[in-house]
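User: I would like to go through the labels attached to this model and see what each one rests on. Please set the values against the criteria.

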Amino acid sequence: MICVLALIVFSILGIFSTTHRKIALEAFDCVFRRVTLRKCESGLDERLKSQITGKLMKKNPAIAKFTFHNFELISWFFTILFIVSLIYTGIGGYNYYIYGNCNGLNGSGFCIFDPLGSNSKITSIQNEDSCSVETPNQKDLTLSNINLSLFPEYNKNAKNEVVFIGCYACEYTRETYPSIRKLTMRGDVNFIFAHLPIKENTRFISNILNCINEVDGKKFMEFNDIIFSTDSISVQNEEQILNVVEEIGLDKKAIKQCSHSERIQNITQRQIIEIQKTGIYGTPTVFINGIGVVGPKPYRVYKRLLK
């Protein structure tokens, strides 16, 4: 079965070399004959056997002798190993394209197509200063028994539902927002935004967001677009956030007064409780038609989950 490996290796090398192309043709003839239960006439297998054992003989005669007498078995072992590796690489490539992760949706472990784990990074809600690679347990992510009516909503009753749980102050939420915003532009997406103030000093933005939603249910989209797209705005500065409120055409004094009210603060607290019930432990977490997706995935991953 050494000819199978030779066929694959020299077929690739043959793209760049005429000499290797000739060997690849020999290997193809040899493999074809072996598949049809005939002996390889080119002698390629014997030449490769002699070359390999000859090089081993210079370093370790005992290993060379073992290889020579068990060459066919060793060839089969490496051929099977190569084919299995090729299959797993193919599965990993498919998963990466579909889920943005070689190991499946929200999977853990190393991914050769994403060696830095960029598509799985989250801001952990365990530690407000920790931005790390975490993998939630998929079965724990749920919207069951969650009161989504508490959160700002755009395009209600559309056939697709996207629930975006994020943090204004978190790097990976900001990285993910443009892809999610692009989904909302399709016209068939009911978009629900849930702000989780992982950094406690950004909790006031949730209060402001809830007041904006009460005054004009569509303005929160404009508010989010500015907050997530403008790096110069400090999300820990109430006055700068209120200036954004004014920029979208609302009375910032009225919104400020509203955001300081006990009623609005109670709503924000209830929202946080509902978010925690979803089973997330990092942002961003996006539920698309009930399926939880964690981390900043490529747009194609989110789009595929739409109806």
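Analyst: The model is predicted. A place to begin is helix H5, whose buried residues are Phe71, Ser75, Thr79, Gly92, Asn95 and Ile98.

User: What span should the 29 residues of helix H5 have, and how far apart are its end C-alpha atoms?

Analyst: At 1.5 Å a residue, H5 (residues 71–99) should span 42 Å, and its end C-alpha atoms are 41 Å apart, so the two values agree. Just after H5, Gly100 has a positive phi of about 75°.

User: Why are strands S3 and S8 said to stand at the edges of the sheet?

Analyst: The open sheet has five strands in the order S3-S5-S4-S7-S8, with mixed pairing. S3 (153–154) and S8 (291–294) each have a single partner strand, so one side of each lacks a neighbour in the sheet.

User: What makes S4 and S5 a pair?

Analyst: Pairing requires at least two bridges, and strand S4 (residues 160–166) and strand S5 (residues 189–195) have seven, in the parallel sense, so they count as a pair. Val162, for instance, has Phe191 in S5 as its bridge partner.

User: Why is Asn157 called exposed, and why is Asn155 called partly exposed?

Analyst: Exposed means over 50% relative accessible area, and Asn157 has 69%, so Asn157 is exposed. Asn155 has 32%, between the 20% and 50% limits, and therefore counts as partly exposed. Asn155 lies in the loop between S3 and S4, and Asn157 lies in the loop between S3 and S4 as well. Phi is positive for Asn155, near 65°, and for Asn157, near 75°.

User: Why is the contact between Asp225 and Arg181 called a salt bridge?

Analyst: The criterion is a side-chain nitrogen within 4 Å of a carboxyl oxygen; here N to O is 2.8 Å, so the pair qualifies. The pair links distant parts of the chain, with Asp225 in helix H8 (residues 219–229) and Arg181 in helix H6 (residues 171–184), 44 residues apart. Arg181, at 18%, is under the 20% limit and so is buried, while Asp225 is partly exposed at 25%.

User: How do you know that Lys219 and Glu222 also meet the criterion for a salt bridge?

Analyst: Their N to O distance is 3.6 Å, within 4 Å, so the pair counts. Both residues lie in helix H8, three residues apart, about one turn of the helix. Lys219 is buried at 18%, and Glu222 is partly exposed at 37%. The whole structure has seven salt bridges.

Terms used. Residues are numbered from 1 along each chain as its sequence is written. This is a predicted model: local features need pLDDT of at least 70, side-chain atom pairs count only at pLDDT 80 or more; totals for chains, interfaces and linings use all residues. Side-chain values use heavy atoms; hydrogens and water are left out. Helices (H or I, at least four residues) and strands (E, at least two) are DSSP runs, numbered from the N terminus. The expected span of a helix is 1.5 Å times one less than its number of residues. Buried means under 20% relative accessible area, exposed over 50%, partly exposed in between (1.4 Å probe, protein chains only).
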